[in-house]
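Colleague: I would like to go through this model with you and ask what stands behind each label. Please give me the rule each time, and then the value.

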Amino acid sequence: MNITFIGGGNMASAIIGGLLQRHWRPDQLRVVEIMAAARDKREQTYRVRTFAGVNAESLQADCVVLAIKPQQIRVAAAQLAPLIGGALVITIAAGIRGADLSRWLGNHQRIVRVMPNTPALVLAGVSGLYAMPGVNADDRQRAANILGAVGETVWVEHEEDIDAVTAVSGSGPAYVFYFIEALEQAARELGLNAAAARQLAISTFTGASKLAAQSGEDVAVLRARVTSKGGTTERALASMEGDKIKAAIVCAVKAAAERSRELGNELGQG
């Protein structure tokens with residue numbers, strides 16, 4: 001299968017790198033990127049063909065991956081519509097609903113919406129996928145194979161679930177970084193040097209996440225095992241509960257999901 005990426009930014013680059021590691025050939029991949037510096041970098045790094053704009057040659061593909069900003073999708077779709085043919089379209093643009101993209105592409109039906117996240121840059125991402133009704137089982141497998149090159153994939157049954165995926169895992173790395181920042185700050189305020197504070201915070205988060213991923217037990221059970229009665233962890237968690245930290249995190253994620261829905265309404269007008 002030949003793939004054309006519309007947009008050659010970081011996420012497109014991550015997917016291309018992941019596909020090449022999975023033994024795809026450079027001649028199967030093309031990139032349309034308006035920025036000359038980015039085109040040159042993709043050519044030099046991955047040996048793929050690049051194009052400055054959409055044309056019949058650049059769109060000789062079985063699959064088109066829209067890897068541009070949501071605000072750019074409508075204009076790009078107008079350029080793609082006469083040339084898209086029957087290609088599978090994968091969009092990673094946040095907030096752009098399938099029905100709107102289908103309309104902009106001239107009632108194109110083979111569309112998969114994807115919400116990846118930034119750990120894809122180190123091939124450790126997780127992507128939520130939703131297939132429109134015009135997508136068959138083979139298309140679903142193709143989409144899973146492409147996004148699987150940069151991490152795990154999770155299919156959702158309803159398109160509105162992508163808003164939840166956006167809030168939980170799409171925005172999620174920022175929440176993790178925020179918590180790591182807080183751990184680092186606490187470590188420094190307790191007298192540790194910056195290097196030690198960073199290493200302890202990141203390694204603790206990495207190790208705990210790995211333990212949670214590899215254990216078959218609920219994370220609440222794992223948390224309880226670290227929490228000895230009358231100990232230091234119990235005191236810390238009691239402080240967090242007193243400040244309603246968990247409730248605040250849940251509220252924040254719901255706010256992100258609501259914003260995702262709002263973006264869909266705003267960007268889909270017209």
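Modeller: Buried means under 20% relative accessible area, exposed means over 50%, and partly exposed is what lies in between, with a 1.4 Å probe and protein chains only. Of the 270 residues of the protein, 39% count as buried. This is a predicted model, in which local features need pLDDT of at least 70 and side-chain atom pairs count only at pLDDT 80 or more, while totals for chains, interfaces and linings use all residues. Residues are numbered from 1 along each chain as its sequence is written, and side-chain values use heavy atoms, with hydrogens and water left out.

Colleague: How many helices and strands does the protein have, and what makes a stretch count as one?

Modeller: Helices are DSSP runs of H or I with at least four residues, strands are runs of E with at least two, and both are numbered from the N terminus. The protein has eleven helices and eight strands. Its C-alpha atoms fill a box of roughly 70 × 40 × 30 Å along the principal axes.

Colleague: What makes a group of residues a nonpolar core?

Modeller: The members must be buried Ala, Val, Leu, Ile, Met, Phe, Trp, Tyr or Cys residues, joined through side-chain atoms within 4.5 Å. The largest such core has 29 residues, and I3, F5, I15, L19, I90, V112 and I146 touch the most other members. Among the elements that each supply at least two residues are β1 (3-6), α1 (10-21), β5 (88-91) and α5 (137-148). The largest share, six residues, comes from α1. A second, separate core has 27 residues, including V32, I68, A87 and L267.

Colleague: Which residues does I90 contact, leaving aside its neighbours within four places in sequence?

Modeller: Contact means heavy atoms within 4.5 Å. On that rule I90 is in contact with C63, V64, V65, L66, V112, V114, A143, I146 and L147, its neighbours within four places in sequence being left aside.

Colleague: Why is the pair R142 and D139 called a salt bridge?

Modeller: A salt bridge is a side-chain nitrogen of Lys or Arg within 4 Å of a carboxyl oxygen of Asp or Glu. For R142 and D139 the N to O distance is 2.9 Å, so the pair meets the rule. Both residues lie in helix α5, three residues apart, about one turn of the helix. By this rule the count comes to eleven salt bridges.

Colleague: Are R142 and D139 buried or exposed, or in between?

Modeller: D139 has a relative accessible area of 1%, so D139 is buried. R142 is at 32%, so R142 is partly exposed.

Colleague: How far apart are the closest N and O atoms of R225 and E217?

Modeller: They are 2.5 Å apart, and the two residues form a salt bridge. R225 has a relative accessible area of 55% and is therefore exposed; E217, at 33%, is partly exposed. Elsewhere, salt bridges that share partners join R110, D139 and R142 into one network.

Colleague: Why are α6 and α11 called oblique?

Modeller: Axes are lines fitted to C-alpha atoms, for helices over the stretch in contact, and angles run from 0 to 180 degrees between N-to-C directions. Angles under 35 degrees count as roughly parallel, over 145 as roughly antiparallel, 65 to 115 as roughly perpendicular, and the rest as oblique. Helix α6 (residues 161-170) and helix α11 (residues 245-267) pack at about 135°, with their axes 8 Å apart. The two helices are therefore oblique to each other. The contact is made by D163, T166, A167 and V168 of α6 and V253, A256, A257, S260 and R261 of α11.

Colleague: What makes α6 and α7 roughly parallel?

Modeller: The axes of α6 and helix α7 (residues 172-189) cross at roughly 25° and come within 5 Å. The pair is therefore roughly parallel. A167, V168, S169 and G170 of α6 meet G172, P173 and Y175 of α7 in this contact.

Colleague: Where is H23, and what is its phi?

Modeller: H23 is in the loop between α1 and β2, and it has a positive phi of about 75° although it is not a glycine. At 72% relative accessibility, H23 counts as exposed. N107 also has a positive phi, about 70°, and is not a glycine. N107 lies in the loop between α4 (98-104) and β6, and its relative accessibility of 55% makes it exposed.
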